[in-house]
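This report describes how two parts of one chain meet. Look at the structure before reading on.

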Amino acid sequence: MSSFSATAIAHPNIALIKYWGNRDHAIRLPSNGSISMTLGDLNTQTTVTFKSSLGSDELTLNGAPTSGSGLSRVSDHLDVIRTLADLSFKAQVVSNSNFPMGAGIASSASGFAALTLSACSAAGLDLAPQELSRISRLGSGSACRSIFGGYVEWSRGENDLDSFAYPLVDREYWMLIDLIAVVEKEHKSTGSSQGHQLADSSPLQVARVEDTERRLHVCREAILGRDFPSLANIAEEDSNMMHAVMMTSSPSLLYWRPATLAIMQSVMNWRSDGLDVFYTIDAGANVHCICSPDVEDEIKDLLIEIPGVQEVIRAPVGGDATLH
Ligand code: PMV
């Protein structure tokens, strides 16, 4: 029996300028560019072993053997890599994350980045990071940003070959902290893959997409200049714009819970009182509160007091996806 194995670790990321909607759903060619911060301490570790003896792909997610749509999505992704490597072996995939799945903490981003890196390495492909990013995009759009650490931009590109992410600045450049206020731990009812397909049904999506270059520019400049107030304003505006599209799509997607709104309002008040903190929310009810390290203890204590906040998860800016 022959087998080839590799293990990779990747971090999730939180979008500061959000990806929402695709021009081509099959290859996840996004409607707009996006910018994110990679989240350290939170990670997904994935081991891929290609074996001549296997009749089909196998997936174990956080200790549980997984079949159905979860396995098909992984198998489809492995097919892309098998084709590139001219390999026919099926694979055993074992993946573990140290943070709650399906609750707006982008487990698909770290998951597909770690899967891409480990599977490509096990298959003997020696690829540049930008190619790993492009391949990760095919599994989950936001995964293309999780190949890199620090602050990362994903250009929307014109086609399959030129839509990938690249680092803007590394993590040491600006050590912000993400305090994730968890108000819901269950799997969300509409995942982002389905959500992207609804984006164009909102009349607001056209305006949101048209305005993206402005938001990307302001966000990029704010990061390069370590300008907290400017980053805070543009990230909150962008998050609100995406949720406005979600709420006005057909059917409507409303991810917020009462506690979500209570946190948003509190964060705005704390910032008016002079604390460096802003909110941003992905496709879920949990609120990412990005703050500077000197106020993180105070913000954490304030967050935990808000009714409905079950837990606060801390993540500093993280590094690149790596092989182990
Ligand atoms: O990569 P996906 O399909 O899980 O979509 C991610 C969508 C958001 O998290 C809401 C925004 C983003 O840019 O990460």
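## Two domains

The chain splits into domain 1 (3-172) and domain 2 (175-316), with bounds taken from an automatic or database domain assignment. The model is predicted, so local features need pLDDT of at least 70 and side-chain atom pairs pLDDT 80 or more, while totals for chains, interfaces and linings use all residues. Residues are numbered from 1 along each chain as its sequence is written, and side-chain values use heavy atoms, without hydrogens and water.

## The area between them

The C-alpha centres of domain 1 and domain 2 are 23 Å apart. In domain 1, 36 residues are in contact with 50 residues of domain 2; contact means heavy atoms within 4.5 Å.

Domain 1 and domain 2 bury about 3,500 Å² between them, and 64% of this lies on carbon and sulfur atoms. Buried area is the accessible area (1.4 Å probe) that two parts lose on being put together, summed over both. Of the area that domain 1 buries against domain 2, 24% comes from Leu16, Lys18 and Trp20, more than from any other three residues.

## Salt bridges

Three salt bridges cross the interface of domain 1 and domain 2. A salt bridge is a side-chain nitrogen of Lys or Arg within 4 Å of a carboxyl oxygen of Asp or Glu. The side chains of Lys18 and Asp282 form a salt bridge, at 2.7 Å from N to O.

## Strands on the domain 1 side

Strands S2 (13-17), S5 (34-38), S10 (151-154) and S11 (165-169) each supply at least two residues of the side of domain 1 that touches domain 2. Strands are DSSP runs (E, at least two residues), numbered from the N terminus. S2 gives the most to this side, with five residues.

Note on methods. Helix = DSSP H or I, 4+ residues; strand = E, 2+ residues; numbered from the N terminus.
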